[in-house]
Structure formats: structure tokens, C-alpha cells
Amino acid sequence: MTTDTFSAGAPFAMSASPTAVPAEPVKETVRTIDPAANPARLRTDDVSVFYGDKQALFDVSIDIPEKSVSAFIGPSGCGKSTFLRCINRMNDTIEGCRVSGDITLDGENLYDPRLDVVELRARIGMVFQKPNPFPKSIFENVAYGPRIHGLAGNKADLEEIVESSLKKAGLFEEVKDRLHQPGTGLSGGQQQRLCIARAIAVGPEVILMDEPCSALDPIATAVIEELIDELRENYTIIIVTHSMQQAARVSQKTAFFHLGKLIEEGPTEEIFTNPREKRTQDYITGRIG
Amino acid sequence: MTPMLIAAVLLVLMGLGYTQGFSRSRALLAADGARLHSRPQYHGALVALWVLVPAILVLALWVMFGPGVSRAFIVSQLPADIVALEGSQLNIAIARIQAIASGFGVAGEVAPWETAAGETYAQFHFLTLLLVVGAAAGLGILALLYARKRITPALRARNAVERAIGWLLLACSAVAVLTTFGIVASLLTEAIRFFTFVNPLDFFFGTVWNPRFSSTGSDAQGQYGLLPLLWGTIMVAGIAMLVAVPVGLMTAIYLSQYASPRMRNTIKPVIEVLAGIPTIVYGFFALVTMGPALAALGQAIGVEIRATSALTAGLVMGIMIIPFISSLSDDILRQVPQAMRDGSLGLGATQNETIRRVLLPAALPGIVGATLLAISRAIGETMIVVMAAGNSPILRANPAEPISTVTVTIVNQLTGDSDFAGPQSLVAFALGLTLFAMTLVLNVVALMIVRRFREQYE
């Protein structure tokens, strides 16, 4: 088992796998090879995360299929959000957080110190739990990413990017007459779709969604779920959710996390109808979590 | 002595009232076994408050009418020819009697009738004092007995005390508001007196400041043009802001976004020490260190810079104001929600881009507020400019030359031998009013800017 350890971009070597050895022997997670699934470009190997001395995530290895929706489920504090934030290195901004293991996109290690984290986050976008539009106009919110990355040559290009992003996020029809009003004036569901449009505008390959519907009402949630299903045509999507129904509705692949460990992963249907692990079954039947 | 006596009497009575109310309500409880609406503490407090009410009324009456009564009494003791004098001479006579009565003594010969009047007045004064204290205490005791009698199990003492506390708090906040009105009123009345001597147009738009003191023997009043002083104030404050805003803001950005907690905990208190240095010490620094250094620098680069100039004062004042801006802006920047930073970083923005495009716009209202607060401070600052700006009230554009400011001129016009009859000293009130109006306008503008540019975030 090779373990490359990095902390906030600066590598330091560790001889063996991290100290915290689980009390019971870890069962090697079986990697499912689903012939129907798309090939994976995003892979993780033995990813562990430490907050100071406390280990939050234990040796997670999973492949994320291209252009499909993968859902991470599990009870609160199980490490699913932590793992998600490793994928675009948002954990870099947390002091004392250390990530070890390999996360590769097209074979390129995301924690390679030579890699530009700015570029990485343009390729792997993120949508947060609470809608967090900037205190700017709707147009400026979407134009933010293309502006900082210099994606638009002129004003017309920029307007086109904004319009197509809003269309892809299914928001354009609702806001086309008030593009220059504050994004914070929209309803919660609209704000979240605005945040999705904002992420799309940068042209990412992967979109990470951290419980994107937890602050929304059921109707807004349904709209977002429908949107996620449409987006899968063009983007690889990873969604963290504590709602099993949501995972069942939107995802093709599901991974179940518990106490910082990846317990089981596989095609969504299989996980929900025929889980291999007892803990998975307990969780989806509502006995734990 | 008198206020202390009255306060002591009242305190004793209130203590008595509290214990009486407390024990009386407890006794009710023991006797009937009835359920009291309010706990005994509240009954005690209510009785104590009742003691205070008549006493305060008596004292208020005394404060309002006491001086008038005293004066009338003294006038009745004076010979008719003195009373006939009227005006300031009568006032002087009355003041002399009061001084004799109080035992301080007076300058000059004391006429026998003055001594006699002084003695009777001393007796009268003592009697009225006794009367007032007695009335306050007696009425207080009556109130105590009445309040004690009111105590029943159903009495809502708790609610009454709550209401009284509400009124007390309102009265405290009224102090600040009323003081502001009082200051404005006094500035305004004196300034209006000044404008009876000098045409407001000459004051507000005059370009020459040359008030002649009457002691020079000339009858001419001199010229009171505000503009040189106003320009000096604006120039010094402007230079100060040019120093303080960039340095302070960047310090705040460093502290809130880049510095490690340890670094921050070291740097922030040190910067705040700057705010605690007395301004007169900054004045020394400007006069002894900054001024000569600037003059030497000017010589080296071939520009004439005077040691005491707008530049010296402005630079030092800017240093003084840095902690205002950095401390306030730091707090404001840290209040911008983490979700905003995450959102920007998650889109691939660098930390610098995040600060410029998201954090600063979101924090702008607060930063504008902090800056305007600092400008008000700069405009009102006196000691540094007194010492280091050169005190030369001449309209000049070159910041390397000495200037004078509104505050410095107020000091100059009010210190020394001045009566408040001529424009030479009354002008200080007109200047003060101008300063007050400037800061008021600044605050209003600040509010408008903040409302206009506020970008809402949760």
C-alpha cells in the first residue's frame, strides 16, 4: 500500500499508512465493475483526512464514473462532505487539515504540489449546502467565474456564457427580465440554481454538490433534482446527501459512508435493493443514522 | 456638602423603605399564607422608589426656584440706592453679599451694610437648606408609610419596578441626546451673537483671516474669513486619509485573511496601542522627529519643505488614525460569511481575487463607515496641528507650507485674556458650529453611501 501524504499543498513523507488503525480489521472494499457504467476518469485511492490529530476519513478508494451522478450517503459526521471537499481541495482552506492518499483526474494527481489549485477548481466546480450567491446582480454572479478565468473575449461572449449557463441551470426563463437585480433577492431554490449556473459558467468537467437541497423546500428540491438529471448528460456529478430517497432518485452510483469509512459502493439500484453489508442495510432501512 | 447631605439622607430613607417593604410583604405571607403576586424583593424596591419620588420633586423645585428666592431675599436686604442701580452693578453687589455669606471674602473695602446683609443672608441660606432637606426627608417618610400601607398580596410590585427601571434607562439615554441639543443650542446662540458683529457672508466666504485683538488699541475688528482655516483643515485631514486609508485597509486585509492566528494576536494589540497614545505625544513626535526629517528629505531632493507644515501634521495624524481604520475594517471583513469566500474559492478564484471582488464589496458599507468616522476624527483633531502645522492662517495650496486649521484657531481665540463680548472670542463658537456641521454632513453622507452601496448578504 503506497501512501502519499500532503498537507495543504506541501508534501511530507510518511513511511506507512496513517497511525489510526481501526479496531476491527478493515474489510477491503470490493470495487464493483459495472459493465453498464461509464468509464471513470476520477479515481481515489486510500484517501484519508486528518483534522489535527483526529482522523476523519479512513482509506477511501472509489472510482467516479464519467457523465453520471454518484451519490455519497451516510449519517451526519460520516465523512462524506469531508471526502467531497478533498476532490477540489477545498479542505486546503481549513487550518490543520491534512489529506493523504491519491486522487487522480485522468491519471493526474490532484495533490501534486506542481498542480495549480485555481485551475483544478475551474475543472471541478462546487455547489454548497446553503445557497451562497455573491451580493451582486444575477448577471455578475454568473459572470464572476468567466471573468476571473478570462473565458470571455468581449462583452457579447460574456453575455452568451451567462445566458447559456443560466439556461443549462434552468433559471434563464425566470430571471431574464431582471438579470441586473441582486442575486440575493431570488428564492432559495432559485438561488441554488444560480449557484449551479455560476459553477457551470466556468466550464467544469466535474460538479461537486454538497447537500444542495438541504436548505430548500420539497418543490424547489424536485426542480433541482430534475436539473441534476439533465446535467448528467454533460457533466460528472457527485452529490452528497443525507436523503436516501434523493440518492435513489438522482444517482446511478451510490457510496455509503459510516464513521469515516466507505462501507459499500455500487450501482444505486443494487445498493438500495440488495446491499451486501449489514450496516448499509441498517441505514437504508432506517435502523441507524 | 449640601448635595452629599441630601444624598445621604435619601439613601438612608431608601434603605429603610426597602427593608420595610420587604419585611411587611414577608409578614403578609406568614400571616395569611396568601400567595404574593411579587416576591418580597420587589415590594422592598417599590417602597424604596416611592421614597425617592417626593424627594426628587422637592429638589427639582429647589433647583428651579432656589436661586430666584435667594436673589429676591438679598435684594430685600440691600439699600434702596443699590437696588436702583439695576443691571451688572446690582449683580456685582449681590455676588459680593453671597461671597461674604459663604465666608470666602471679597476684594476691596467691605461696607457695614454689606456685612450685615451677608450675615442675614447666611442665616437665611442655612434655614432654606434645612427646610429643603427637611421637606425632602419628611415627604419621603410620608411616601414610605403610604407605600408600605399599599402592600397587599395582589399588589403588582414586580411590574411597577420593571416600569420604573424602564423609565430610568430612558432617562439615561436622554442625557446623551439632551446634551447634544444643549451643545448645539449654546453654539448656536453664541454664533448668532458673533454674526451680529460680522456679516455671515464675510465669514463663510472671506479669504483673509486676520482678527485684531482689541488690546492692540485699534477699533477695527479685523477680518474673519473662514476659507483659509477650512482649507487648512481639509488639507491636513486629506493628507491624513491618504496615509491612513491605504495602510489601514491593507493591514486589515492582512490581519483578517492572511495572518496566522498567532501573528494576528501579536500584531493587532500592538496596532491598537497606537490608538492609545495621547495626541499631544503625537504632536511632539511631529514637531521633533517628523518635521525635521521631512525638511531634511526636502533638502535632499531639492524641494523646500518646512518643518512645521500641513504635510508634517497630516502624516502624523494619518499614523494616528491607522488603528481606527485597520481595527474596524478587520472586524468587518471577518464578519463576511465564510460561505462567500468558499463560493469564490470554489470557482477557482485566488485569495486575492476573492478579497477584491467578493469580500471588499460585501464589507464596503462598513469600511466606508469606518473611514468617515476616521475623517471626523481627523477634522476635529487639535493637538497635532497646534504643534506641527505652523499656525499660519493663509490660503495656500502647497502642503509643504505652514497652515492653520479651524481647531487651532478656536484654541487661539479662546485662550488668553478674552471676554465673550467681542467678535474676537465669539468667532470661536461660529468656528465650532462650522466643525459640527461638517461632521454632521459627513455622517449623513456616510449613511447615504452605506444605504446606496449596501450589498445584501445573509
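1. Surface of chain B. In this predicted model, chain B exposes about 24300 Å². Carbon and sulfur atoms supply 69% of that area. Buried residues make up 40% of the chain's 458 residues.

2. Overall form of chain B. How does the radius of gyration of chain B stand against that of a compact globule of 458 residues? The globule would come out near 23 Å, but chain B has 31 Å. Along its principal axes, the C-alpha trace spans about 80 × 75 × 35 Å.

3. Domains. Chain B is divided into domain 1, residues 2–155, and domain 2, residues 222–453. Their C-alpha centres lie 49 Å apart. Keep this distance in mind when you look at the spans in point 2.

4. Secondary structure and contacts. Chain B has 16 helices and two strands. Now take the contacts in chain B between residues at least 6 apart in sequence. Of these, 71% join residues at least 24 apart.

5. Charge. Chain B carries 27 positive and 22 negative side chains. The centres of the two sets lie 18 Å apart.

6. Helix α12 of chain B. This helix covers residues 338–346. Which of its residues are buried? They are M340(B), D342(B), G343(B), S344(B), L345(B) and G346(B). Their cover includes parts of chain A: α1 (80–87), α2, β8 (124–127), α3 (138–149) and α6 (188–200). Helix α13 (351–380) of chain B is also part of that cover. Just after α12(B), G348(B) takes a positive phi of about 90°.

7. V118(A), a link between the chains. V118(A) is found in helix α2 of chain A, residues 117–123. Leaving out residues up to four places away in sequence, what does V118(A) touch? It touches H149(A) in its own chain, and G348(B) and T350(B) in chain B. V118(A) and I237(A) are 119 residues apart in sequence, and their C-alpha atoms are 19 Å apart in space.

8. T44(A). This residue is found in strand β3 of chain A, residues 40–51. Why does T44(A) count as buried? Its relative accessibility is 1%, and buried means under 20%. T44(A) and P204(A) are 160 residues apart along the chain. Their C-alpha atoms are separated by 19 Å.

Notes. Residues are numbered from 1 along each chain as its sequence is written. Chains are lettered from A and ligands numbered from 1 in the order in which they are written. This is a predicted model: local features need pLDDT of at least 70, side-chain atom pairs count only at pLDDT 80 or more; totals for chains, interfaces and linings use all residues. Side-chain values use heavy atoms; hydrogens and water are left out. Domain bounds come from an automatic or database domain assignment. Helices (H or I, at least four residues) and strands (E, at least two) are DSSP runs, numbered from the N terminus. The radius of gyration is taken over C-alpha atoms; the globule rule is 2.2 Å times the number of residues to the power 0.38. Buried means under 20% relative accessible area, exposed over 50%, partly exposed in between (1.4 Å probe, protein chains only). Contact means heavy atoms within 4.5 Å. Accessible areas come from the Shrake-Rupley method with a 1.4 Å probe; for residues, only the protein chains shown count as cover. Lys and Arg count as positive and Asp and Glu as negative; His and the chain ends are not counted. The place of a charge is taken as NZ of Lys, CZ of Arg, CG of Asp or CD of Glu.
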